[in-house]
Amino acid sequence: MHSTKLKTIIVLVFCVISLYANAQKFEYLASFHGIGDNREFFSNKAMPQTILGSRGSFEAGINIDNHHIRLGASELYEFGSEINFHKPNLILYYHFEEKNKSFYFGSFPRLNLVNFPLAILTDTLLYYRPNIEGMLGQYRWDWGNQLAFIDWTSRQTDTKRETFMAGSSGEICYKNFFIENYLLMFHRAGPAIDVPGDHIKDYMGYSIRAGIRTPKEKDIQAHIKAGLLASIYRERSITDGYIKGNSLFAEAYAKYKNFASKTVLHTGDGHNFSHGDLFYRLNNYLRSDLIWYFINHKNVKGKFNLSFHVIEWNDLDQSQQLSIVYLFGK
């Protein structure tokens with residue numbers, strides 16, 4: 001039923017678009033995202049799993065003086081599952097773009113728009129919830145940028161709970177020095193018909209880090225940054241106020257040609273983020289990645305990660321990730 005309605009909407013809108021295509025600028029975007037994610041976790045601190053699949057999407061629309069209207073759909077096929085295991089995601093949004101500002105409203109892809117540390121937003125969100133359903137705005141200056149968004153993740157019914165996510169991120173820079181900020185809030189309410197023992201939950205997390213990076217013209221691209229990772233959580237009527245966590249949050253990255261290494265350190269209090277990587281619930285966590293950018297074409301990007309996870313300085317887990325992203329548009 002939902003699939004039939006989606007197809008009908010897409011056909012009708014494309015018919016309308018075709019009427020205006022000659023008078024306005026017609027544009028489209030096709031994308032492919034290949035996902036290979038194998039998590040060999042034996043510590044029981046995070047879920048061991050293997051995710052293999054591919055996501056395809058297509059969107060098209062018109063552009064009138066930097067005002068874009070886009071319609072399309074995307075769908076994930078996980079290898080080994082039925083073809084209709086995941087429902088298709090509707091893409092339908094308005095986008096305004098100028099040199100120093102961007103604005104989106106509707107259901108639009110989050111890829112390359114919202115990039116938060118895995119501590120706050122884990123990468124599986126991109127696999128299973130590829131769209132932001134709400135709005136996003138960004139303003140850019142010569143010395144930095146700031147972005148804010150709201151994502152309505154569930155509409156309340158008698159049986160479904162109301163949830164939404166709001167966040168902001170940005171950077172201030174001076175020559176090779178920079179200060180970055182991330183803030184995320186997630187509100188988890190209940191369904192319209194109360195469930196006994198179920199309570200409203202509020203999550204908030206933020207990070208502020210300062211660092212230095214190499215100039216863009218250098219052969220070796222690198223940065224180092226460190227600062228605070230903080231979280232605030234409460235379950236109403238259960239927790240005695242808010243549960244707070246603070247930790248040192250540092251990162252070092254270096255890339256030469258098609259190879260790179262990245263190390264992230266979190267040490268201090270454990271955190272309770274709504275959609276964060278579970279390893280950050282621990283007091284001490286170190287992750288080191290060896291990265292191979294094996295495809296670096298204008299329209300195609302391929303990356304392979306070999307990751308080592310040091311847990312509480314005692315256990316070692318490891319994982320491998322492969323990603324191929326192909327974008328083709330007009």
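Modeller: Start with one term: a polar contact is a pair of N or O atoms within 3.5 Å, where one must be able to donate a hydrogen and the other to accept it. Keep in mind that this is a predicted model.

Biologist: What makes the pair Glu 59 and Tyr 93 a polar contact?

Modeller: The side chains of Glu 59 and Tyr 93 are 2.4 Å apart in this pairing. The cut-off is 3.5 Å, so the pair counts as a polar contact. Glu 59 also makes a side-chain polar contact with Arg 70, at 2.8 Å.

Biologist: Where is Glu 59, and is Glu 59 buried or exposed?

Modeller: Glu 59 sits in strand β2. Its relative accessibility is 2%. Buried means under 20%, so Glu 59 is called buried.

Biologist: Which residues is Glu 59 in contact with, leaving aside neighbours within four places in sequence?

Modeller: The list includes Tyr 28, Leu 29, Ile 91 and Pro 109. Contact here means heavy atoms within 4.5 Å.

Biologist: Why is Gly 61 called buried?

Modeller: Gly 61 has 0% relative accessibility. The limit for buried is under 20%, so Gly 61 qualifies. Gly 61 also belongs to strand β2, which covers residues 49–64. From Gly 61 to Gly 72 there are 11 residues in sequence and 8.7 Å in space, C-alpha to C-alpha.

Biologist: Let us turn to another strand. Why is Asn 38 called buried?

Modeller: Asn 38 has 19% relative accessibility. Buried means under 20%, so Asn 38 is counted as buried. Asn 38 lies in strand β1, residues 25–40.

Biologist: Which side chains make polar contacts with the side chain of Asn 38?

Modeller: One partner is Glu 40, at 2.9 Å. Another is Gln 320, at 2.8 Å. Both values fall within 3.5 Å, so both pairs count as polar contacts. Leaving aside neighbours within four places in sequence, Asn 38 is in contact with Gln 49, Thr 50, Ser 319 and Gln 320. Leu 147 is 109 residues from Asn 38 along the chain, and their C-alpha atoms are separated by 32 Å.

Biologist: How do you know that Arg 39 is buried?

Modeller: The relative accessibility of Arg 39 is 12%. That is under 20%, so the word is buried. Arg 39 is in strand β1. Its side chain makes a polar contact of 2.8 Å with the side chain of Asp 37. Another joins the side chains of Arg 39 and Asp 123, at 3.0 Å. Leaving aside neighbours within four places, the contacts of Arg 39 include Met 47, Tyr 127 and Gln 321.

Biologist: What makes Asp 65 an exposed residue?

Modeller: Asp 65 has a relative accessible area of 67%. Exposed means over 50%, so Asp 65 is exposed. Asp 65 is in the loop between β2 and β3.

Biologist: Why is Asn 112 called exposed?

Modeller: Asn 112 shows 55% relative accessibility. The mark for exposed is over 50%, so Asn 112 passes. Asn 112 lies in the loop between β5 and α2.

Biologist: Now the whole protein. How many helices and strands are there?

Modeller: The protein has 2 helices and 16 strands.

Biologist: Why is the protein called as compact as a globular protein of that length?

Modeller: Its radius of gyration is 21 Å. The globule rule gives 20 Å for 330 residues. The two values are close, so the protein is as compact as a globular protein of that length.

Biologist: What share of the residues is buried?

Modeller: Buried residues make up 39% of the 330. Among contacts with a separation of 6 or more, 52% join residues 24 or more positions apart.

How values were computed. Residues numbered from 1 in each chain as written. Predicted model: local features only at pLDDT ≥ 70, side-chain atom pairs only at ≥ 80, totals over all residues. Heavy atoms only, no water. Helix = DSSP H or I, 4+ residues; strand = E, 2+ residues; numbered from the N terminus. Rg over C-alpha atoms; globule rule 2.2 N^0.38 Å. Buried < 20%, exposed > 50% of the residue type's maximum accessible area, 1.4 Å probe, protein only.
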